[in-house]
Amino acid sequence: MLKIDISKALQFIPEGAVQKMGADAHAANKALEDGTCPGNDFLGWMHLPSGITPEFVAEIQATAETLRQECDTVVVAGIGGSYLGARAVIEALQNSFAWLIADKKNPTILFAGNNISEDYLYELTNYLKDKKFGVINISKSGTTTETALTFRLLKKQCEEQRGVETARKVIVAITDAVKGAARQTATKEGYKTFVIPDNVGGRFSVLTPVGLLPIAIAGYDIAQLVKGATDMEAATATDQPVEENPAAIYAIVRNALYQSGKKIEILANYSPKLHFIGEWWKQLYGESEGKDKKGIFPAAVDLTTDLHSMGQWIQDGERTIFETVLSIGEPNHTVLFPHDEENLDGLNFLEGRRVDQVNKMAELGTQLAHVDGGVPNLLLSIDRLDEYHIGQLIYFFERACGISGLMLKVNPFDQPGVEAYKKNMFALLGKPGYEEATKAIRERIK
Ligand code: PA5
């Protein structure tokens with residue numbers, strides 16, 4: 001089971017603060033369970049893991065199997081919550097060089113619809129020219145510009161390359177049950193569809209088909225992912241004492257640190273496979289807590305890589321940060337430190353030891369150095385990188401995010417700030433219906 005160690009953070013928090021905040025954390029967790037908190041129309045994620053039936057998993061697996069048979073490449077089009085969860089899980093599980101490995105048993109999964117870069121889209125469509133590709137069009141609203149643009153291009157290319165009938169078999173839509181362009185197109189074309197439930201917000205949707213279908217297509221065991229999440233759902237429920245609930249402990253300590261002036265949280269990993277877990281976590285916490293002029297700024301680093309770039313700042317810069325280290329117990333492979341006859345680098349003393357032992361000492365040494373430098377440190381450990389433990393981690397972060405946001409006294413489930421750029425972009429582009437805004441913004445920039 002995921003473990004949390006807060007012993008290297010406590011010295012930075014006023015004595016007794018953690019105990020005092022226990023009642024708040026319990027109340028926040030109870031409000032989530034009872035559905036009495038702000039944003040309570042978006043609590044569908046709470047019991048998603050335990051509510052997923054074997055039949056539903058089988059339906060997703062069957063669709064995944066069709067795409068696995070019919071495609072060498074599958075493009076997942078989506079942005080934000082309709083993108084990051086699937087990518088985070090797939091990249092945590094897959095071979096670091098998956099794209100380069102010939103003779104693959106799994107289709108290559110590509111991600112698009114998450115930017116408006118012309119070069120990216122040119123290069124993507126060019127790459128796909130000789131591929132038997134399929135598309136998963138993921139958009140809850142069904143109208144997000146980045147995704148809609150990408151889907152237009154991919155639908156046309158897929159139909160031209162593979163014929164309209166085959167395209168209908170290898171394009172899947174994951175969207176609202178009735179509303180939006182993605183739903184309308186899917187109905188018209190007869191695509192296989194999955195629904196994003198109304199009461200699950202984008203950033204909490206990785207355990208819906210939004211995450212589960214791409215993960216299954218990539219060849220991973222979604223039943224184990226759901227099992228890990230289900231076990232964490234039980235471990236973080238209000239019938240567990242707060243002091244044994246890892247999500248409540250995480251929420252308490254990060255709020256206590258925030259109140260003590262630590263405004264930035266850095267999520268640090270020691271495996272490049274976790275890079276996108278960091279990206280997913282940034283969205284989850286950034287969109288949930290950054291509002292009403294409040295909220296911890298979520299940042300992420302990949303270590304030891306970034307110790308050679310951001311390490312100086314973390315060790316010695318402005319003391320407004322704390323660090324949460326994501327640690328993996330056992331790697332999935334073994335590599336031993338090799339012997340070198342000449343020993344010019346002086347590293348023969350490490351000969352025969354696991355590389356992971358060196359990595360773990362880098363992790364511990366860095367933690368201690370950062371604490372000495374005034375950076376509070378939290379340690380989250382999972383046993384290994386597999387579907388079950390990633391399922392635990394996902395639900396842990398989601399539950400802690402709900403508790404933490406409510407303790408901060410914000411609505412963790414809305415994102416009003418995301419609309420501002422869209423309004424300006426449409427006004428600048430002269431979208432019909434935006435005439436007044438277009439006039440005003442053009443005045444502003446002339
Ligand atoms: O968390 C969120 O709500 C957002 O990040 C959305 O997922 C993102 O904006 C994409 O929206 P949609 O799925 O409607 O295309």
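User: Is strand 3 mostly covered or open, and how many of its residues are buried?

Analyst: Strand 3 is mostly covered, with five of its five residues buried. Buried means under 20% relative accessible area, exposed means over 50%, and partly exposed lies in between (1.4 Å probe, protein chains only). Helices (H or I, at least four residues) and strands (E, at least two) are DSSP runs, numbered from the N terminus. This is a predicted model, in which local features need pLDDT of at least 70 and side-chain atom pairs count only at pLDDT 80 or more, while totals for chains, interfaces and linings use all residues. Residues are numbered from 1 along each chain as its sequence is written, and side-chain values use heavy atoms, with hydrogens and water left out.

User: Which way do the residues of strand 3 point?

Analyst: In a regular strand the side chains alternate between the two faces of the sheet. Here Thr108, Leu110 and Ala112 point one way, Ile109 and Phe111 point the other way, and all are buried.

User: Which strand is joined to strand 3, and by how many bridges?

Analyst: Two strands pair if DSSP finds at least two bridges between them. Strand 2 (residues 73-77) is joined to strand 3 by five bridges, and the two run parallel. Within this pairing, Val75 has Leu110 as its bridge partner.

User: What unit do strand 2, helix 4 and strand 3 make?

Analyst: They make a right-handed β-α-β unit. A crossover is right-handed if, with the strands pointing away from the viewer, the path from the first strand over the helix to the second runs clockwise.

User: Why is helix 4 described as largely enclosed?

Analyst: An α-helix has 3.6 residues a turn, so residues three or four places apart point the same way. Helix 4 (residues 84-93) is largely enclosed by the rest of the structure because ten of its ten residues are buried. Among them are Arg87 and Glu91. The cover over these buried residues includes strand 3, helix 9, helix 10, helix 12 and helix 15; for such cover, contact means heavy atoms within 4.5 Å.

User: How many residues of strand 5 are buried, and on which sides do they lie?

Analyst: Five of the five residues of strand 5 (residues 171-175) are buried. Ile171, Ala173 and Thr175 lie on one side, with Val172 and Ile174 on the other.

User: Which strands are joined to strand 5?

Analyst: Strand 4 (residues 133-139) runs parallel to strand 5 and is joined to it by five bridges; Ile136 has Val172 as its bridge partner. Four bridges join strand 5 to strand 6 (residues 192-195), again in parallel, and Ala173 stands opposite Thr193. From strand 5 the chain passes through helix 8 (residues 181-189) to strand 6, in a right-handed β-α-β crossover.

User: How are aromatic rings described, and how many aromatic pairs does the structure hold?

Analyst: A pair of aromatic rings is described by the distance of the centres and the angle of the planes. Rings of Phe, Tyr and Trp (its six-membered ring) pair if their centres lie within 6.5 Å; planes under 30 degrees apart count as stacked, over 60 as edge-to-face and the rest as tilted. The structure holds 16 aromatic pairs. Ring pairs link Tyr250, Trp280, Trp281, Tyr285, Phe396 and Phe397 into a cluster.

User: Which charged ends sit over a ring?

Analyst: A charge sits over a ring if NZ of Lys or CZ of Arg is within 6 Å of the ring centre and within 35 degrees of the ring normal. Lys192 has its charged end over the ring of Phe194, 4.8 Å from the centre. Lys431 has its charged end over the ring of Phe426, 4.1 Å from the centre.
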